[in-house]
Amino acid sequence: MAQTTNDIKNGSVLNLDGKLWTVIKFQHVKPGKGPAFVRTTIKDVLTGKIVDKTFNAGMKIQFETVDNRNLQYSYEDGDNFVFMDMETYDQTYIPRELVGDQAKFLLEGTDCIVSFHDGNPLNVELPASVVLEITHTEPGLQGSRSTAGTKPATVETGAEIQVPLFINEGDKVKVDTRDGSYIGREN
């Protein structure tokens, strides 16, 4: 399905040199002198690498169809994670490599967005934050320090994060899934 650069929109998926790229933002530029062009910021669907790329206006490029589906994480099976489509109850096996480091914040019942191209899973996107219970942490001792201190804590998925000293075992905390940082305490 060959189209031109004039058809680019935010969220479009392009096939450039055999790689899939998602358009994050684009700008159609018509300078006073010279030909028009399209300036884009694109993200590699597989690696997440972000690149700025400029195309000549009207240039033919290959658009691809990527299907984003809401799937719920069910369980881990060997080197795969099993996700279920809550509408059709179909189970999808996704390799550990695709989930990557996000696996340490994956809790059963978590709703995720899984991108598919030609029936093959491309990547898994967790919610921006998840609520996890602290399973182990040392008691925090307030000492003579000028700034608020942090301490390591293990959450129910086995991941280790840094939390403020007032957090205790059994507390539920909100964690950013992108970088593993503590956001706040949940009731």
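Q: What is the place of Phe 37, and why is Phe 37 called buried?
A: In this predicted model, Phe 37 belongs to strand β4, residues 37-44. Its relative accessible area is 19%; buried means under 20%, so Phe 37 is classed as buried.

Q: Which residues does Phe 37 touch, leaving out those up to four places away in sequence?
A: Phe 37 touches Gln 27, His 28, Val 29, Pro 31, Thr 54, Phe 55, Asn 56 and Ala 57.

Q: Why does Asn 6 count as partly exposed?
A: The relative accessibility of Asn 6 is 42%. Buried requires under 20% and exposed over 50%, with partly exposed in between; Asn 6 is therefore partly exposed.

Q: Where is Asn 6 placed, and which residues is it in contact with beyond four places in sequence?
A: Asn 6 is in the loop between β1 (2-4) and β2 (13-16). Its contacts are His 28, Ala 57 and Gly 58. Between the C-alpha atoms of Asn 6 and Asn 187 there are 50 Å, the two residues being 181 residues apart along the chain.

Q: Why is Ile 50 called exposed?
A: Ile 50 has a relative accessible area of 52%, and exposed means over 50%; hence the label exposed applies to Ile 50. Ile 50 is located in strand β5, residues 50-56. Beyond four places in sequence, Ile 50 touches Ile 24, Thr 41, Ile 42 and Lys 43. The C-alpha atom of Val 155, 105 residues away along the chain, is 31 Å from that of Ile 50.

Q: What makes the phi of Asp 17 and that of Tyr 89 worth noting?
A: Most residues other than glycine have a negative phi. Asp 17, by contrast, has a positive phi near 55°, and Tyr 89 has a positive phi of about 60° although it is not a glycine. Asp 17 lies in the loop between β2 and β3 (19-29), while Tyr 89 lies in the loop between β8 and β9 (91-95).

Q: How do you know whether Asp 17 and Tyr 89 are buried or exposed?
A: The threshold for exposed is over 50%. Asp 17 has a relative accessible area of 83% and is therefore exposed. Tyr 89, at 55% relative accessibility, is therefore exposed as well.

Q: What makes up the largest nonpolar core, and which residues have the most contacts inside it?
A: The largest nonpolar core has 25 residues, and Phe 83, Phe 105, Leu 106 and Val 124 have the most contacts inside it. At least two residues of this core come from each of β7 (67-77), β8 (80-84), β10 (111-117), β12 (129-137), β13 (150-155), β14 (160-164) and β15 (172-176). Domain 2 (66-125) and domain 3 (129-185) each contribute at least three residues to this core. A second, separate core has ten residues, among them Leu 16, Val 23, Phe 55 and Phe 63.

Q: Which residues is Leu 106 in contact with, beyond four places in sequence?
A: Leu 106 is in contact with Tyr 73, Phe 81, Phe 83, Val 99, Cys 112, Leu 126 and Thr 157. Tyr 73, Phe 81 and Phe 83 also form one aromatic cluster, and a search of the whole structure finds two aromatic pairs.

Q: How do you know that the charged end of Arg 69 sits over the ring of Phe 116?
A: The distance condition is within 6 Å of the ring centre, and the direction must be within 35 degrees of the ring normal. The charged end of Arg 69 is 4.0 Å from the centre of the Phe 116 ring and is assigned as sitting over it.

Q: What are the domains of the protein?
A: The protein is divided into domain 1 (5-64), domain 2 (66-125) and domain 3 (129-185). The centres of domain 1 and domain 3, taken over C-alpha atoms, are separated by 41 Å. An unreviewed UniProt entry lists residues 68-122 as "domain: Translation elongation factor P/YeiP central". That span is 7% helix and 55% strand, with its end C-alpha atoms 10 Å apart.

Terms used:
Residues are numbered from 1 along each chain as its sequence is written. This is a predicted model: local features need pLDDT of at least 70, side-chain atom pairs count only at pLDDT 80 or more; totals for chains, interfaces and linings use all residues. Side-chain values use heavy atoms; hydrogens and water are left out. A nonpolar core is a set of buried Ala, Val, Leu, Ile, Met, Phe, Trp, Tyr and Cys residues joined through side-chain atoms within 4.5 Å. Buried means under 20% relative accessible area, exposed over 50%, partly exposed in between (1.4 Å probe, protein chains only). Helices (H or I, at least four residues) and strands (E, at least two) are DSSP runs, numbered from the N terminus. Domain bounds come from an automatic or database domain assignment. Contact means heavy atoms within 4.5 Å. Rings of Phe, Tyr and Trp (its six-membered ring) pair if their centres lie within 6.5 Å; planes under 30 degrees apart count as stacked, over 60 as edge-to-face and the rest as tilted. UniProt positions are given in the numbering used here, feature names are shortened, and annotations may be inferred rather than shown by experiment.
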